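Me: I'd like to learn how to read charged side chains in a model. Could you walk me through it?

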Amino acid sequence: AREQKAKQVIATNELAAKFYQACLTKTPYGKAALDYLHNRGITDDIIEDFSMGFAINSFNGLMNALGKRGYNGEMLMQAGLAVPGKNGGAYDKFRGRVMIPIKDPRGRIVGFTGRILGDGMPKYMNTGETEFFIKRYLLFGLDIAVNEIRKTRQAIVVEGHMDAISLHAAGVKNAVASMGTAFAAEQARLLKRMADEVVFCYDSDNAGRNASVRAVSIARAAGLKVRVAGVPDGKDPDEFIKKNGAARFGALIEGAVSEIEYKLLGAAQSIDTDTDDGK
């Protein structure tokens, strides 16, 4: 029964992804979203590789489209694509957002992230965790990056979906995202099956630095060689590679430092090392 339910959820997600893709690439509703992605350096090939789409700003756009195929509100709520209405029924969860499907290592769509167009909040909205969508067992982009990771025996782990997508667009094909800042032991074990080394390249703000320190210990405990690449000037990998290009980013990864050195460099930023106490 559980397997049948999982098949139904994945089938619902796959059909929803096709609807979102069609909205982005084949209708006027998706023009602003398509322009936004192109302006960020995301090509049509990358859009296709990552099955990206657009959720129109409607409470029942997806409900109506999938309803014609026999998918009811209960099925959509089960997949995390709809939410219950106050007076019964259901309505679309994602509206007016660039849609990024989240796939398991076998390439099956198990959830979505929606990025708002403009300044609305929340900036990112995710499918709620279900028994089929558990973040700590997933790495965004792994289904695409797996061959390059196996070939190089190295994985570059970034924080956000757009970081990973931008790196792939620039030719860095062994990048995956840890579904937020919390890197988990299950993700480390997943990478250990295909890589010898992990390079963490999180944002250079305090949250990113703290997350890097925690992630390093978790990856090392799984038996992986670990290094950390600090992105300079307070930037994230997405912004850095857009401004400086793939060659500079490659040099950043090449110059990634060990756990101890990274901790020392981090401590030195808030300590006056010209004094004896600081040293």
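Reply: Let's go from the overall fold to the charged pairs. Keep in mind that this is a predicted model. The protein chain has 11 helices and 10 strands. Its radius of gyration is 20 Å, close to the 19 Å that the globule rule gives for 279 residues, so the chain is as compact as a globular protein of that length.

Me: How many salt bridges does the structure hold?

Reply: Side chains of opposite charge can pair when their charged atoms come close. Here there are 10 salt bridges. One of them joins D35 to K31, with the closest N and O atoms 2.8 Å apart. These two residues are 4 apart in helix α2, so about one helical turn separates them. D35 is partly exposed at 32% relative accessible area, while K31 is exposed at 52%.

Me: Which parts does the pair R136 and E186 tie together?

Reply: Those side chains meet in a salt bridge at 3.3 Å, N to O. R136 sits in the loop between β6 and α6 and E186 in helix α8, so the pair ties together parts that are 50 residues apart in sequence.

Me: Is D238 buried or exposed?

Reply: D238 is buried, because its relative accessible area of 6% is under the 20% cut-off. Its salt bridge with K242 has the closest N and O atoms 2.2 Å apart, and R40 is linked with D238 and K242 in a network.

Me: Which residues form the negative surface patch?

Reply: D44, D45, E48 and D49 form that patch. D49 lies in helix α3 and counts as partly exposed at 40% relative accessibility.

Conventions. Residues numbered from 1 in each chain as written. Predicted model: local features only at pLDDT ≥ 70, side-chain atom pairs only at ≥ 80, totals over all residues. Heavy atoms only, no water. Patch = residues over 30% accessible without salt bridge, like charges linked within 9 Å, V, L, I, M, F, W, Y side chains within 5 Å. Areas by Shrake-Rupley, 256 points an atom, 1.4 Å probe, with all protein chains shown as cover. Salt bridge = Lys/Arg side-chain N within 4 Å of Asp/Glu carboxyl O. Lys, Arg positive; Asp, Glu negative; His and termini not counted. Charge placed at Lys NZ, Arg CZ, Asp CG, Glu CD. Buried < 20%, exposed > 50% of the residue type's maximum accessible area, 1.4 Å probe, protein only. Rg over C-alpha atoms; globule rule 2.2 N^0.38 Å.
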